[in-house]
Amino acid sequence: MIEVPPAGRDGKWVRRDLGPVVRPYAVTGGRTEPADGEVLDLVAVVVAVDRDSEAGDDPIRQTPEHRKILRLCQRPVTVADIASDTALPVGVVRVLLADLILEEAVRVVRNRPAVQLPGNDVLKEILNGLRAL
């Protein structure tokens, strides 16, 4: 037996506590991978790029999800924070961010932390410990 999902008066899927439900694949147009192929880390920091007023006509900016992400990116924000604030799955946020990156509406801030390598004495201690096993 097939269960019919609860529907509102107009036949749309409705979740009582949240209102109409939109499936993630509908938000991304069925895409599951970012357009540029680069999957952003959860801790990648994204920030909106200042653009001319003529850029307001971009069709990419017309979706509510893209506009909400752009509002969040007015200050540097992580991918995880965007997913949390928009209540969208991380995969969907990554696809939408890739769209915005390709449109040059946002950019990824790539600050590489200074990596301090262990000294030779630490490496020798580790090697001696492994040999003792």
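Visitor: In β5, which residue is the bridge partner of Val-46?

Guide: Val-108 is the bridge partner of Val-46 in β5. Two strands count as paired if DSSP finds at least two bridges between them. Here four bridges join β3 to β5, and the two strands run antiparallel. Strands themselves are DSSP runs of E with at least two residues, helices are runs of H or I with at least four, and both are numbered from the N terminus. This is a predicted model: local features need pLDDT of at least 70, side-chain atom pairs count only at pLDDT 80 or more, and totals for chains, interfaces and linings use all residues. Residues are numbered from 1 along each chain as its sequence is written, and side-chain values use heavy atoms, with hydrogens and water left out.

Visitor: Which residues of β5 lie on its covered face, and which on its uncovered one?

Guide: In a regular strand the side chains alternate between the two faces of the sheet. In β5 (residues 106-109), Val-106 and Val-108 make up the covered face. Arg-107 and Val-109 make up the uncovered one.

Visitor: How do I read a helix in the same way? Which residues of α2 are buried?

Guide: Start with the cut-offs: buried means under 20% relative accessible area, exposed over 50%, partly exposed in between, with a 1.4 Å probe and protein chains only. In α2 (residues 64-72), the buried residues are His-66, Ile-69, Leu-70 and Leu-72. They cover an arc of only 160° around the axis, so they sit on the same side of α2. The arc is taken from the directions that run from the helix axis to the C-beta atoms. Pro-64 and Arg-71, on the other side of α2, are exposed.

Visitor: What covers the buried residues of α2?

Guide: The cover includes β3, β4 (77-78), α3, α4 and β5. For the whole protein, 27% of the 133 residues count as buried.

Visitor: Where is Glu-33, and which residues does it contact beyond its neighbours within four places in sequence?

Guide: Glu-33 is in the loop between α1 (24-27) and β3 (45-48). Contact means heavy atoms within 4.5 Å. With those neighbours left aside, Glu-33 contacts Val-39 and Val-95. Glu-33 and Val-95 are 62 residues apart along the chain, yet their C-alpha atoms are separated by 6.1 Å. Now the whole protein: among contacts between residues at least 6 apart in sequence, 67% join residues at least 24 apart.

Visitor: What is the phi of Ala-87, and what is that of Glu-104?

Guide: Most residues other than glycine have a negative phi. Ala-87 has a positive value, near 60°. Ala-87 lies in the loop between α3 (79-86) and α4 (90-102). Its relative accessibility is 68%, so Ala-87 counts as exposed. Glu-104 also has a positive phi, about 60°. The loop between α4 and β5 holds Glu-104. At 58% relative accessibility, Glu-104 counts as exposed.

Visitor: Which residues form the nonpolar patch on the surface?

Guide: Val-122, Leu-123, Ile-126, Leu-130 and Leu-133 form it, with about 530 Å² of accessible area together. Leu-123 is in helix α5 (residues 120-132). Leu-123 counts as partly exposed because its relative accessibility is 44%. A patch takes residues with over 30% relative accessible area and no salt bridge; nonpolar side chains (Val, Leu, Ile, Met, Phe, Trp, Tyr) are joined within 5 Å, like charges within 9 Å. A salt bridge is a side-chain nitrogen of Lys or Arg within 4 Å of a carboxyl oxygen of Asp or Glu. Accessible areas come from the Shrake-Rupley method with a 1.4 Å probe; for residues, only the protein chains shown count as cover.
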